[in-house]
Amino acid sequence: MTRIELDGVEKTFGSDQVVAGVDLTMPDGELTVLLGPSGCGKTTTLRMIAGLEQLSGGELRFDGQRMNEAPPERRRVGMVFQSYALYPHMTVAANLSFGLASRPNRGPRRRAKAQERARVLEIARLLEIDHVLDHRPRELSGGQRQRVALGRALIREPDVFLLDEPLSNLDANLRERMRMELARLHAELPITTVYVTHDQGEALTLADQLVVMHEGRIRQAASPALVYDRPADTFVAGFLGSPGMNLWTVPAAGPGGAGDRGDVRLASELLAMHGVGTEATTVGIRPEHLELVRGEPGLAARVRCQVRVVENLGSHLLVHAALASEPGSAVVVKLDVGSGVRRGDRIELGAREDHVHLFDLETTRRLEPAGRGGAVVVVAGDGAREAAGAR
Ligand code: ADP
Ligand code: MG
């Protein structure tokens, strides 16, 4: 069991800084997901933990011990890459025990064959591939091949398990099944795990700790629920969710008072509780949190828009609209199939106070409302850090 700490970790390739001061603790036995768009530095961060890349700055610690200079074989990590390669001429059993043969020195140098077979069987059972131990990789399904790759890393009893987009080569159905398998596996074998993905579905279902990265920096590190419910900035807000959060820049207050900002009208109590006066701000509302309103009083936000496209997804409509005064602006909302909304309709949408997010226009950072108790947003990278507290 190992706690991993990254302390001001940096990586530069030539003059490109691809990891820019990452501070992060990955608790013992937990599964941490690094999520972010392609090129944001996820793989580089993982490779530094594995010892496959040197750090350009900062410190990496396992259980408090500096690991910067430790060679990969001393780190006791098991790694599975997106493009895992199995030995095609070897059986599944041989592929699995190959991991044991190249295992770092621990205990007696040569394990008894019987012990080795027992271990292969144990790991094969755990991964439900014990019935194909005599098969060769080409005789396996994609999911089974993926399990062999996982088994090959796990059979060495690593202290740290590193996975880099391990499911990207699988088709969508299999990916969903394997992601549940991985959740089960982690519950049964709680090894400190770092899981890299650009797939938010995987990230939200698997993570104990979800770390959203962008351009080599951490934008937010918290539980998936918290990242979803209280995104630290507009990048996280727009990245998470499918589709992501609607974000509108609302102009400074008009003549009608603080809440009068054209097609997006915000209750003055909402603005006051976020410390927003008459200045322009960014407002965010998730597509699933907007509803059609017909004059209900007391809503914190109201949005007037015109429908451009209606997609019927069976379970709901995904309605794409534009703010009435700004034809180029995007409003996306999930509505009931029975709502009868059609292309061209002018509609008014509303959202409850706890579903309306405000962000600083310049810093893009979340404005945490006063009186909603317990700031829990953690943003690393620029040193800003709000204390965690009870909700
Ligand atoms: P991610 O895994 O998030 O997609 P990577 O960590 O692979 O991103 O890459 C981050 C950035 O670092 C990218 O711009 C990539 O081109 C660059 N990069 C990665 N490895 C190298 C390397 N060995 N040499 C130069 N640039 C690299
Ligand atoms: Mg990558």
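Leaving aside neighbours within four places in sequence, E181 is in contact (heavy atoms within 4.5 Å) with E128 and R147. This is a predicted model, in which local features need pLDDT of at least 70 and side-chain atom pairs count only at pLDDT 80 or more, while totals for chains, interfaces and linings use all residues. Residues are numbered from 1 along each chain as its sequence is written, and side-chain values use heavy atoms, with hydrogens and water left out.

E181 is found in helix α5, residues 172-188, where a helix is a DSSP run of H or I of at least four residues and a strand a run of E of at least two, numbered from the N terminus.

Rings of Phe, Tyr and Trp (its six-membered ring) pair if their centres lie within 6.5 Å, with planes under 30 degrees apart counted as stacked, over 60 as edge-to-face and the rest as tilted. By this rule the count comes to two aromatic pairs.

| Pair | Class | Centre to centre | Angle between planes |
|---|---|---|---|
| Y87 and F98 | tilted | 4.7 Å | 55° |
| F235 and F239 | stacked | 5.5 Å | 15° |

With buried meaning under 20% relative accessible area, exposed over 50% and partly exposed in between (1.4 Å probe, protein chains only), F235 counts as buried at 17%, whereas F239 counts as partly exposed at 21%.

How values were computed:
Chains are lettered from A and ligands numbered from 1 in the order in which they are written.
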